[in-house]
Amino acid sequence: MPGPGNVGERVRNLRLTRRLSQAQLAGHDLSDSYISLIESGKRTPTPTVLRMLAERLGCTPEYLAEGVEPEQRAHLEVRERHAHLALLDGDPAGAETAFDEVLARSDDPDLTSRARWGRARALEELGRTEAAIALFEELREQAERDPGRASWLPPVIALARCYHTVGDLGQAIALGERALARLQHLGLTVGQEYTEAGRILLLAYVDRSDPERAHALGRRLLASDEAASGQPSTRYRLASSRALEEGAVGDSLYLADQALAVRGGAPVRAQALLNLAAARALLRGVTPFSAGTVAEPERVAAAEALDLLGGTSVLEGAEATESTIERARALVLVGEPEAAISSLEEFLDTGLALSAPEAVPAPEPGDDLAARLRKTVQARLVLARARIAQDDGAAALVVLNSAGGQMDGIPPGRPAAHIYRELGELFEAATEPEAAANAYRQALEAVGLRPSRPQAAACDLPRV
């Protein structure tokens, strides 16, 4: 554990433990009045004086300065790295516990900052997004106060992602645009930071029903990836040098570390996530990125989405589930409902996305049950859409009623509103106007609206 208090208190406690007077500790080199000033906190000893006092008190200079012995510091450094490994291995609960231990025992600012970042990421993975936002905001404020020590890019990108998760599209877009502008200013249009900031911003534009901006950004992001030349590490190094020239030492150090981390290859998972976001945008009305005006834009967009989704095979877990659902949606749009049904029924067999409401497995530690339910309902809606494409309205209604029965487990907000709206559209397509009107009403209520006339619901939905 760290030693109590500040330098002066540790000097005093050790002096009393050793049964030394202030004059004895001062010896021939210092005065007892100077020792008194140190112990009262009115003077900060120089490194030379710290070494001298540590030798006489039988401890290390590091203990006097920071309250942690070198062996303790090394243990905490290892513990912090193990916590990050636990996070990467899919154990956010274990990672949070380890980060809490480091934070409780560390007096080192850099180690504490890394542990706070890791804890925020663990909270995000655990689905405790509001708590993660609070911690990421603290890290952003700290980086903005001291740009010479830390970069604000990681917390800003993380905040954009978290705000998008909780449905605060205004904040997500503002932060995403800010991060992307900074990266473009530094000439860094490749790498994990650029693709992640772009991915979040693209999804936020789509969710805010801004297809023009989504189209322009998607084209820029995908074209940037195709046109990128040279090793990503070289681009990071050049961006780091530019940040250093501007005096942004924190950004420069962070980007230099990233140059070392990506040496020899591009961040494959980041690109896969960008492909998934671009495909999702195309399947929600954004015009194709690869062409100008085309006949049957919806079908062309779906075909382009299928191509993009072909590059998402590295994704796992919930991200792989989302990729499969979006692929099935694209297959329906290109006229292959049988292939979509086959893909979704495979999920039904594994229970990953389509288990019946009563058979949804109990959430494991760190599992966001609401997010899993959203995936289940979305998969059912795509399955119903495929059945409608086959003119099998009866089968579609069975699936739609099952999907509607799961909506009680999804908290209100924009994500729920989008699902209710699609549910209403599909009930309409299945010639169930009463169920459609009810779904539209619930879509409005999910975002806090209470329509006085049910028939007006459908007119207001584009603004949800």
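The legends below describe close-up views of a predicted model. Local features need pLDDT of at least 70 and side-chain atom pairs count only at pLDDT 80 or more, while totals for chains, interfaces and linings use all residues. Residues are numbered from 1 along each chain as its sequence is written, and side-chain values use heavy atoms, with hydrogens and water left out.

**View 1. A salt bridge joins Asp100 and Arg119.** The closest N and O atoms of the pair are 2.5 Å apart; a salt bridge here is a side-chain nitrogen of Lys or Arg within 4 Å of a carboxyl oxygen of Asp or Glu. Asp100 belongs to helix H7 (residues 92-105) and Arg119 to helix H8 (residues 109-125), so the pair, 19 residues apart, links distant parts of the chain. Helices (H or I, at least four residues) are DSSP runs, numbered from the N terminus. Asp100 is partly exposed, at 32% relative accessible area, and Arg119 is also partly exposed, at 22%. Buried means under 20% relative accessible area, exposed over 50%, and partly exposed in between (1.4 Å probe, protein chains only).

View 2. The structure holds 34 salt bridges.

**View 3. Asp146 is paired with Arg149 in a salt bridge.** The closest N and O atoms are 3.5 Å apart. Asp146 is partly exposed, with a relative accessible area of 34%; Arg149, at 45%, is partly exposed as well.

**View 4. Arg182 sits in helix H11 (residues 169-185).** Arg182 is buried, with a relative accessible area of 15%. Leaving aside neighbours within four places in sequence, Arg182 is in contact (heavy atoms within 4.5 Å) with Trp152, Leu153, Ala243, Glu246, Ala248 and Asp251.

**View 5. Leu202 is among the residues with the most contacts inside the largest nonpolar core.** A nonpolar core is a set of buried Ala, Val, Leu, Ile, Met, Phe, Trp, Tyr and Cys residues joined through side-chain atoms within 4.5 Å. Not counting residues up to four places away in sequence, Leu202 touches Ala214, Leu217, Gly218, Ala277, Ala278 and Ala281. A second, separate core of 35 residues includes Ile341, Leu373, Leu397 and Ala436.

Methods: Helices (H or I, at least four residues) and strands (E, at least two) are DSSP runs, numbered from the N terminus.
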